[in-house]
Amino acid sequence: MSAFDYRDDQLFVEDVALAEIVDAVGSPCYIYSRRTLVDAYHAFADALADRPSLVCYAVKANGNLALLATLADLGAGFDIVSQGELERVLAAGGDPMRIVFSGVGKTETEMRRALEVGIRCFNVESAAELTRLDRVAAALGVRAPVSLRVNPDVDAKTHPYIATGLKENKFGIPLGEAAACYARAREYPHLTFIGVDCHIGSQLTDLRPFADALDRVLPEVVRLRRAGLALTHVDVGGGLGIRYHDERPPTVAAYVALVRERLASHGLEDVELVLEPGRALVAAAGLLATRVEYIKDTDSKRFAIVDAGMNDLIRPALYGAWQNVIPARRRPGPIQEYDVVGPVCESADVFGRGRPLAIEPGDILAIAEAGAYGFTMSSQYNARPRPPEVLVDGARFHIVRERETYEDLMRGERIVRKAQWS
Ligand code: LLP
């Protein structure tokens, strides 16, 4: 049963009425269900329990410390893309040996910090990065564990902004050049090559592109192993999509079964399988609650103007993403079509168009499936403090991030008056 369900026309998050949370913390606010997160993690972990594997949650989807700590306690690993994400994982009690570090632009400082704490693996995306990592590791007197991120040139059939596995994308080393990189392993005395990884895109709703990528990457892994490289892990990235609207994404079980079957058919049962799911772990665990401030009727449209904006949740504005908008309390009143819009001064500040709702000013709405790429992509645009985050656990809830204050908005800024310039 979903953790987000109606009881007597009231929307509940686990065993707490959404309205009760909003009364306590104000609007807008992000609300997460711990149970949904735990169940999503188990869907991956249980399907892999009988083989060497590591589920590395992609922190970029939602970096809240309470969620990271929940996952760390379950034994999850983490996929990070910056030192900021590394510090978050460490602060949440994550095990460095379960961290993989992705991203095309790792700085020397980031590499140094990751080597000092002893992460599991660097997912390296270019020959220049190999050279830099080797140098940084040499200066520290350590060896850096490396997996090459290869670009298999497959079409993930997703939004172009979040497709990463085509050769025109900036990501990864062309598959055909990987062997040459590994062949030069001797030139990098401070690197240990332990694996291969790929990530072809996000919100994939079909298994086909995953299968195509594996069918390109795994034979290369086999060839490299035959050539004598001791590659012990294969990282298949993230990307599994979820249902926002009418998509029919594969289940976690079907996805994991496909990966396992492909590994087995290439004789790679012994390699450790690393996965980097982000959205599939947290999207459905969260919603953004927002209050209807005004209802505005014009000749052509009926608008519900809410107190959350594109600065709080940018996915609809940035990708044209569809996310469900549902009321915290179902009213008997007439259902009408609304464009649900925020207060930000941009016409892209729209959460949904033509949404059938029975609402009045003051009502609370929930924007569903907002647990992934919601808060993490938020900003203070229009000088709007970011909303708080709340974690629900059964009948209790905890504020796991305070609402920003107006002081927070101005933190670190200085006024420099002309008279002070000399
Ligand atoms: N691994 C790597 C190397 C990635 O680049 C990503 C996501 C993931 C794992 C996790 O992918 P997931 O399982 O969440 O699909 N902001 C966009 C999504 C951007 C994804 C970027 N990379 C959105 O809101 O749809």
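Reader: Hi! How many bridges join strand β16 to β19, and do they run parallel or antiparallel?
Author: In this predicted model, β16 (residues 325-327) and β19 are joined by three bridges, and the two strands run antiparallel. Within that pairing, Pro327 has Leu365 as its bridge partner in β19.

Reader: Nice. What about strand β14 and β19, how many bridges there?
Author: Four bridges join β14, which spans residues 286-297, to β19, and this pair is antiparallel. Here Leu288 is partnered with Ile367 of β19.

Reader: And which way do the residues of β19 point?
Author: Ile364 and Ala366 point one way, while Leu365 and Ile367 point the other way. All of these are buried. In a regular strand, side chains alternate between the two faces of the sheet.

Reader: Is Phe375 buried or exposed, and what does it touch?
Author: Phe375 counts as buried because its relative accessibility is 10%, under the 20% cut-off. Leaving out residues up to four places away in sequence, Phe375 touches Tyr30, Tyr32, Asp312, Arg386, Pro387, Glu389 and Arg401.

Reader: Good to know. Switching to the core: which residues touch the most other members of the largest nonpolar one?
Author: Those are Phe44 and Phe122, in a core of 102 residues. Helix α8 (residues 208-226) supplies the largest share, nine residues. Domain 1 (4-31 + 283-410) and domain 2 (103-275) each contribute at least three residues to this core. Apart from it there is another core of 18 residues, including Val22, Cys29, Leu287 and Val390.

Reader: Oh, tell me about α6. How far does the helix reach?
Author: Helix α6 (residues 127-140) has 14 residues and reaches 20 Å from its first C-alpha to its last. That is close to the 20 Å expected at 1.5 Å a residue. Just after α6, Gly141 takes a positive phi of about 70 degrees.

Reader: New topic: how many disulfides turn up?
Author: Zero, from a search of the whole structure.

Reader: Are Cys181 and Cys345 buried or exposed?
Author: Cys181 counts as buried, because its relative accessibility is 5%. Cys345 counts as exposed, because its value is 66%.

Reader: Last one: where is Glu407, and is that residue buried or exposed?
Author: Glu407 is in helix α12 (residues 406-410). At 66% relative accessibility, Glu407 counts as exposed, being over the 50% cut-off. The C-alpha atoms of Glu407 and Pro385 are 9.3 Å from each other, with the two residues 22 residues apart along the chain.

Terms used: Residues are numbered from 1 along each chain as its sequence is written. This is a predicted model: local features need pLDDT of at least 70, side-chain atom pairs count only at pLDDT 80 or more; totals for chains, interfaces and linings use all residues. Side-chain values use heavy atoms; hydrogens and water are left out. A nonpolar core is a set of buried Ala, Val, Leu, Ile, Met, Phe, Trp, Tyr and Cys residues joined through side-chain atoms within 4.5 Å. Buried means under 20% relative accessible area, exposed over 50%, partly exposed in between (1.4 Å probe, protein chains only). Domain bounds come from an automatic or database domain assignment. Two strands pair if DSSP finds at least two bridges between them. The expected span of a helix is 1.5 Å times one less than its number of residues. A disulfide is a pair of cysteine sulfur atoms within 2.5 Å. Contact means heavy atoms within 4.5 Å.
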